[in-house]
Amino acid sequence: MFSQILATGSYLPEKVVKNADLTQFPPAAIPLIASKTGVYERRYAAPDQCTSDLAVEAARQCLARSGIAATDLDGIILATSSPDQPMPATSATVQAKLGATSAFAVDVNAVCTGGVYALRMADAMIRAGCAKRILVVAAEVYSRILNQSDFSTCPYFGDGAGAMLLEAAEQPTHPFINGGVLHADGTGEDFIKIPAGGSRLPFSKLTDNRQQFFQMNGKAVFEFAVTRGAEVIEELCRQNSIAKERLTHLILHQANINILATIAQRTGLPLERFIVNLNHYGNTAAASTLIAFDEMMTQTTNKVENGICFIVAFGGGLSWGGITIEMP
Amino acid sequence: MKLVQQAIGNVFPDCDASALTLESKLSEIPDWDSMNAINLIMEIEALSGRQNLALQFGPDITAGELVEMLRAYGINV
């Protein structure tokens with residue numbers, strides 16, 4: 001049994017925030033953003049939009065393309081690290097907004113690796129016979145959790161959502177998932193975090209206002225990402241006995257252009273095979289790989305077929321992993 | 001160099017800013033990178049009340065060199 005990909009979708013909010021629009025930072029520092037991150041602009045959700053709204057837009061586009069009704073979904077797995085609220089799960093809100101009355105709903109938080117975690121879990125449930133159709137959505141509104149005065153984090157990130165509808169198939173006629181790997185290392189928990197808002201440090205016990213915002217150790221995260229990202233590509237090749245030369249598309253988490261370039265160099269793969277959209281959308285955390293996959297599938301002038309695609313992500317936890325997608 | 005130590009302590013909470021000397025290299029501060037260097041400039045501007053400080057940080061800049069740059073702006077460090 002395989003999980004075939006019936007359709008994809010994505011949603012980027014309308015508001016474009018260019019680097020020059022970040023006027024809270026010194027004008028002389030603005031050129032550093034593009035050179036250090038590769039980001040030229042990003043999208044911010046409207047004041048009345050929250051994560052579930054972005055998720056629903058991507059999900060509706062995906063369902064419309066598939067021809068499958070929301071009522072025919074068995075499950076919704078939503079990857080996010082910027083939920084509407086700590087509880088209930090944002091996936092439950094999405095389920096209600098879609099009218100997916102037969103679907104279970106669960107959130108997955110593996111920060112930027114969330115999309116890959118959600119896909120791997122959905123695939124496992126389908127292959128185990130627990131569900132026939134699972135909608136995987138990844139949605140983030142990082143603009144609400146960033147310290148807008150922190151130059152080391154704010155310029156990197158943007159808001160967005162991606163979706164993928166998986167369906168059980170004995171003999172896939174669509175692109176399908178054919179394996180994957182997931183990893184974690186909690187000893188790196190301090191490298192990417194929002195310290196406050198949970199049981200360890202409730203908001204009422206803040207000792208520093210910055211504890212409520214996203215924080216990242218840039219140097220440590222860069223080293224982690226380039227090391228583990230390259231490792232996952234090699235691991236997926238071994239898992240499926242695929243020679244790297246057969247890889248047609250690589251969709252890596254859109255963290256930073258220098259991370260992608262370093263991984264390309266370390267794996268000996270041409271950067272041209274790596275899908276890049278972070279220049280327009282920034283780092284959309286868990287949503288980045290699903291947005292990039294949707295754009296690859298729906299916006300290329302040449303139909304993507306007879307190819308092998310790896311989706312690879314790395315993020316807070318620390319967590320990292322990858323998915324193999326074969327395109328018949 | 002109280003202002004410099006205060007700014008560094010505010011931007012880099014894992015750094016014992018009081019232990020910094022004029023010979024201390026900024027690149028050895030935990031979490032130091034080119035993006036956080038901008039945060040330090042912004043913090044110095046906030047603490048000194050001065051704006052648009054055109055500070056250039058070389059890879060081996062020391063706290064003492066930063067102090068001298070700020071004194072050139074007439075900032076009481």
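**Labels and their cut-offs**

Tutor: Being four residues apart in helix α4 (residues 114-127) of chain A, A:R127 and A:D123 are separated by about one helical turn, helices being DSSP runs of H or I with at least four residues and strands runs of E with at least two, numbered from the N terminus. The model is a predicted one, in which local features need pLDDT of at least 70 and side-chain atom pairs count only at pLDDT 80 or more, whereas totals for chains, interfaces and linings use all residues. Residues are numbered from 1 along each chain as its sequence is written, chains are lettered from A and ligands numbered from 1 in the order in which they are written, and side-chain values use heavy atoms, with hydrogens and water left out.

Student: What makes the pair A:R127 and A:D123 a salt bridge?

Tutor: The term requires a side-chain nitrogen of Lys or Arg within 4 Å of a carboxyl oxygen of Asp or Glu. The closest N and O atoms of A:R127 and A:D123 are 3.9 Å apart, so the pair meets that condition.

Student: Why is A:D123 called buried, and why is A:R127 called partly exposed?

Tutor: Buried means under 20% relative accessible area, exposed over 50%, and partly exposed in between, with a 1.4 Å probe and protein chains only. A:D123 has a relative accessible area of 1% and is therefore buried, whereas A:R127, with 39%, is partly exposed.

Student: What makes B:R71 and B:E68 a salt bridge, and how many salt bridges does the structure hold?

Tutor: The closest N and O atoms of B:R71 and B:E68 are 3.1 Å apart, and the pair therefore qualifies. B:R71 and B:E68 are three residues apart in helix α3 of chain B, which means a separation of about one helical turn. B:R71 is partly exposed at 49%, and B:E68 is partly exposed at 46%. Over all chains, the structure holds 12 salt bridges.

Student: Why is A:T262 counted as buried, and which residues does A:T262 contact?

Tutor: A:T262 has 18% relative accessibility, so it counts as buried. Located in helix α6 (residues 257-267) of chain A, A:T262 is in contact (heavy atoms within 4.5 Å) with A:F222 and A:V226, leaving aside its neighbours within four places in sequence.

Student: Which residues touch the most other members of the largest nonpolar core?

Tutor: A nonpolar core is a set of buried Ala, Val, Leu, Ile, Met, Phe, Trp, Tyr and Cys residues joined through side-chain atoms within 4.5 Å. In the largest, of 77 residues, A:F310, A:F314, B:I8, B:L40 and B:L70 touch the most other members. The largest share of this core, nine residues, comes from α5(A).
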